[in-house]
Amino acid sequence: MTSFWGLKTMKIREADMADLPQIEELERRCFSEPWPREAIEAYLGGGQFIMLAAEADGGALAGYAGAQYVLDEGYIGNVCTAPEYRRRGVARALLRELRARAERLGLAFLTLEARSSNAAAIALYEGEGYERVGVRPGYYERPAEDAVIMTLFLREGQA
């Protein structure tokens, strides 16, 4: 358990199927294009997926993050913080734990997409060492928007 801004404690842990209803609710609250239940279940099912939960005081789900890995490549699907827990270090803690797990797995990099208008998320990712490596024109549909591709290189000499 760790202390976060304005929270007594927070625990970053492996998410499981019991978290599915709260994750689905956060998807609907936070994203204009929420993931379908089946996609979330795949992340929660293990295998080559990592799904983390940020558990706040009293067991509330403050956020979650998920990544898939293939060989030595890591792809972050979502990093989500409940609106009432934003700007308290939740997403940063999730990203750091994803990085730690990626390093233990020997991954070469972690990569993700962010809406080009999401300056706060882009600043967070850059603060954690992610670099802008490209743009996916028209990646998002509601609303229509480009995605900024950001990558954290975990091995020397990869950038």
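What is the handedness of the crossing of H1 and H2?

## Helix packing

In this predicted model, the crossing of H1 and H2 is right-handed. Helix H1 spans residues 20-30 and helix H2 spans residues 37-44; their axes come within 11 Å and cross at roughly 130 degrees. That angle makes H1 oblique to H2.

The residues of H1 that take part are Leu20, Ile23, Glu24 and Glu27, which meet Arg37, Ile40, Glu41 and Leu44 of H2. Sorted by class, this contact has four nonpolar residues, four charged residues and no polar ones.

## Nonpolar core

The largest nonpolar core has 45 residues, and the members that touch the most others are Ile23, Met51, Ile76, Tyr125 and Tyr130. Ile23 also belongs to the contact between H1 and H2. In soluble globular proteins, nonpolar side chains tend to be buried together.

For Tyr125, with neighbours within four places in sequence left aside, the contacts are Val79, Leu95, Leu112, Ala114, Tyr130 and Met150.

Arg13 is located in strand S2, residues 7-14. Its relative accessibility is 18%, so Arg13 counts as buried, the limit being under 20%. When residues up to four places away in sequence are not counted, Arg13 touches Asp19, Met51, Leu52, Ala53 and Glu55. Of these partners, Met51 is also among the core members that touch the most others.

Val133 is located in strand S7, residues 131-141. With a relative accessibility of 43%, Val133 counts as partly exposed. Leaving aside neighbours within four places in sequence, Val133 is in contact with Ile149, Met150, Thr151 and Phe153. Met150 is also a contact of Tyr125. Val133 and Tyr75 are separated by 58 residues in sequence and are 14 Å apart in space, C-alpha to C-alpha.

## Backbone geometry in the loops

Most residues other than glycine have a negative phi, and most peptide bonds are trans.

Leu71 has a positive phi, near 55 degrees. This residue lies in the loop between strand S4 (61-70) and strand S5 (73-81), and at 77% relative accessibility Leu71 counts as exposed. Arg87 likewise has a positive phi, near 65 degrees. The loop between S5 and helix H3 (90-105) holds Arg87, which is exposed, with a relative accessible area of 78%.

A cis peptide bond joins Arg142 and Pro143, with omega about -10 degrees. Pro143 is placed in the loop between S7 and strand S8 (144-153).

Technical notes: Residues numbered from 1 in each chain as written. Predicted model: local features only at pLDDT ≥ 70, side-chain atom pairs only at ≥ 80, totals over all residues. Heavy atoms only, no water. Core = buried A, V, L, I, M, F, W, Y, C linked by side-chain atoms within 4.5 Å. Buried < 20%, exposed > 50% of the residue type's maximum accessible area, 1.4 Å probe, protein only. Contact = heavy atoms within 4.5 Å. Axes fitted to C-alpha atoms, helices over the stretch in contact; angles between N-to-C directions. Helix = DSSP H or I, 4+ residues; strand = E, 2+ residues; numbered from the N terminus. Parallel < 35°, antiparallel > 145°, perpendicular 65-115°, else oblique. Left-handed = near helix turned anticlockwise from the far one by under 90°. Nonpolar A, V, L, I, M, F, W, Y, C, P; charged D, E, K, R; others polar.
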